[in-house]
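The entries follow in the order I made them.

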Amino acid sequence: MSLERALELAERGRGTTRPNPVVGAAVVRNGEIVGEGWHERKGEPHAEVIALGAAGERARGATLFVTMEPCAHHGTTPPCTEAVLAAGVAKVVAGSLDPNPEAGGGLEVLCRAGVEVEHADSFAARAQNEAWRTWVAAKRPFVVLKLGLTLDGRVAIPGSRWITGEQSRRRVHELRAHTDAVAVGMGTVRADHPQLTARGVDAVKQPRRLAFGRGPLPLGVRLELRSGALADELAALAEEGVQSLLLEGGPTLAESFLREDLVDKVLLFVAPTIASSGPPFAPELVAPVQLRRFTSEQVGDDLLLSGYVHEP
Ligand SMILES: NC(=O)c1ccc[n+]([C@@H]2O[C@H](COP(=O)([O-])OP(=O)(O)OC[C@H]3O[C@@H](n4cnc5c(N)ncnc54)[C@H](OP(=O)(O)O)[C@@H]3O)[C@@H](O)[C@H]2O)c1
């Protein structure tokens with residue numbers, strides 16, 4: 001219950017904590033929340049330190065719920081494990097482990113010091129920082145493959161500009177507004193001259209806009225050309241601070257990403273149209289790709305199907 005509250009609190013930091021994850025914490029004593037906190041900005045106190053500070057003496061013997069285990073290293077702030085021990089809490093419940101090899105292991109440190117610890121392993125807690133977790137652990141951006149498809153799996157309908165409806169297209173602009181980078185292959189650049197900007201939505205900042213391929217870019221197309229091997233380009237982007245990448249196709253580039261196991265999440269906007277002709281999404285893979293946590297959602301007249309290749 002209080003982990004849910006900690007998850008809510010974490011969301012208050014969304015958009016300001018970069019490059020850090022969002023984290024929330026709640027201190028509970030005798031069934032009552034006596035302190036709350038969330039991480040707001042890199043260099044500023046972590047969620048659990050704020051929550052423990054708010055609880056004061058009431059933290060002694062209480063339970064600390066935190067969305068990610070307290071860090072165990074000196075970063076821009078001292079280790080949170082020290083603050084937890086100093087506060088004298090009896091138990092710590094963490095929604096997720098810290099995948100950062102330098103900062104992880106906080107629960108173990110606390111356990112060795114005699115604090116009761118529980119790793120709740122909450123999918124919601126991991127998903128809350130899905131991009132950051134992949135960026136930290138795999139040293140590449142979290143890759144979301146998005147495609148618009150007809151019912152018979154076509155990625156384009158001859159003679160038609162769009163496959164999906166207006167609401168799906170709006171959703172794509174929202175996705176762009178919340179990702180660090182958007183990418184297509186040169187085939188799509190040559191066919192569609194896409195801008196890849198987030199338009200008609202509140203975008204605090206525009207994503208970086210990339211074209212994978214040898215080029216050259218057609219005149220007037222303002223995308224960054226990335227001509228290296230996919231894995232190398234992703235590693236380079238991660239070094240440049242890109243935590244999330246929205247891959248907007250087309251089918252050739254999507255197939256290569258899937259073959260190289262570089263897709264983390266798939267979003268398929270499926271339109272209620274049987275096109276009968278047009279290029280198909282029919283990737284040739286070495287083995288079937290199984291999606292987990294597969295869900296569907298109605299978006300206007302379309303269905304949005306989503307699932308994870310790699311759970312965060
Ligand atoms: N329905 C949708 O969601 C959707 C989305 C996007 C596009 N489309 C449609 O798809 C069609 C274009 O399809 P497409 O398959 O030609 O486009 P694409 O997948 O966007 O582009 C293919 C190009 O990507 C480049 N590339 C770079 N690295 C690659 C790698 N490792 N493996 C494979 N390709 C790599 C190559 O460009 P170089 O030749 O320069 O090396 C290749 O020719 C258009 O009709 C477009 O409208 C549909």
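Entry 1. I looked up the burial of F212 and F257 and found both of them buried. The model is a predicted one, and I read each entry below with that in mind.

Entry 2. I searched the whole structure for aromatic pairs and got two. I began with F123 and Y308: the ring centres are 5.6 Å apart and the planes stand at 85°, so I logged this pair as edge-to-face. The cut-off I needed for that label is an angle over 60 degrees.

Entry 3. F123 belongs to helix 5 (residues 123-128) and Y308 to strand 13 (residues 302-308), so the pair ties together parts that are 185 residues apart in sequence. On accessibility, F123 has 22% relative accessibility and counts as partly exposed. Y308, with a relative accessible area of 7%, is buried.

Entry 4. I went back to F212 and F257, which form an aromatic pair of the edge-to-face kind, with 5.7 Å from centre to centre and 75° between the planes. F212 is in strand 8 (residues 208-212) and F257 in helix 10 (residues 251-259), so here the parts tied together are 45 residues apart in sequence.

Entry 5. Next I looked for charges over rings. R293 lies over the face of F123, 3.8 Å from the ring centre.

Entry 6. I turned to strand 11 (residues 265-270) and asked how many of its residues are buried. The count was six of the six, so I wrote the strand down as largely enclosed by the rest of the structure. In a regular strand the side chains alternate between the two faces of the sheet. I therefore sorted the residues by side: K265, L267 and F269 are on one, V266, L268 and V270 on the other, and all are buried, which means both faces of strand 11 are covered.

Entry 7. Which strands pair with strand 11? Strand 6 (residues 142-149) does, in the parallel sense, over six bridges. In this pairing I found G148 opposite F269 of strand 11. Strand 13 does as well, running antiparallel to strand 11 and joined to it by six bridges. The bridge partner of V270 there is L303 of strand 13.

Technical notes: Residues are numbered from 1 along each chain as its sequence is written. This is a predicted model: local features need pLDDT of at least 70, side-chain atom pairs count only at pLDDT 80 or more; totals for chains, interfaces and linings use all residues. Side-chain values use heavy atoms; hydrogens and water are left out. Rings of Phe, Tyr and Trp (its six-membered ring) pair if their centres lie within 6.5 Å; planes under 30 degrees apart count as stacked, over 60 as edge-to-face and the rest as tilted. Helices (H or I, at least four residues) and strands (E, at least two) are DSSP runs, numbered from the N terminus. Buried means under 20% relative accessible area, exposed over 50%, partly exposed in between (1.4 Å probe, protein chains only). A charge sits over a ring if NZ of Lys or CZ of Arg is within 6 Å of the ring centre and within 35 degrees of the ring normal. Two strands pair if DSSP finds at least two bridges between them.
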